[in-house]
Amino acid sequence: ANTPINQFLTNLESRIYAQISQNLATAMFKDGGSDQGTFTFDQSTNTTISWQKDSLNGTITLTVNGPGVNSNIVVPLGQFQFGN
């Protein structure tokens, strides 16, 4: 049903997911930050999201593992860092 409360909950859920993804991207690209990280996205399905920074190759590998999903995304660092 397209009730006001359902619209509110859908919007809230979307904003929470957006904040999680923003925090993940910030951690991945932060200068002087950690070279890796992992968190459990959904405990009921044991879905995990992890990332590993490879400074030698200038890439970050983002891995998503869970039921029906096993994805790796390799992001080139040089194209996402901005100069002063």
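Asp54 stands opposite Thr59 in β3. The model examined here is predicted. The pairing of Asp54 with its partner position belongs to a set of strands described next.

Strand β2 covers residues 47-54, and strand β3 covers residues 59-66. The two run antiparallel and are joined by 7 bridges. Together, β2 and β3 make a hairpin. Between these strands lie 4 residues. Gly58 sits in the turn, with a positive phi of about 70°.

Strand β3 also pairs with strand β4, which spans residues 69-76. This pairing is again antiparallel and comprises 8 bridges. Gly66 faces Val69 of β4 across the pair. A hairpin is formed by β3 and β4 too, with 2 residues between the strands. In its turn, Gly68 has a positive phi of about 80°. In a regular strand, side chains alternate between the two faces of the sheet.

Aromatic contacts were searched across the whole structure. The search returned 2 aromatic pairs. One aromatic cluster is made up of Tyr17, Phe39 and Phe41.

Thr26 is part of helix α1, which extends over residues 4-29. The relative accessibility of Thr26 is 48%. Thr26 therefore counts as partly exposed, because that class lies between the 20% and 50% limits. Thr26 and Phe39 are 13 residues apart along the chain. Their C-alpha atoms are separated by 14 Å. Phe39 is also a member of the aromatic cluster with Tyr17 and Phe41.

Technical notes
Residues are numbered from 1 along each chain as its sequence is written. Side-chain values use heavy atoms; hydrogens and water are left out. Buried means under 20% relative accessible area, exposed over 50%, partly exposed in between (1.4 Å probe, protein chains only). Two strands pair if DSSP finds at least two bridges between them. Rings of Phe, Tyr and Trp (its six-membered ring) pair if their centres lie within 6.5 Å; planes under 30 degrees apart count as stacked, over 60 as edge-to-face and the rest as tilted.
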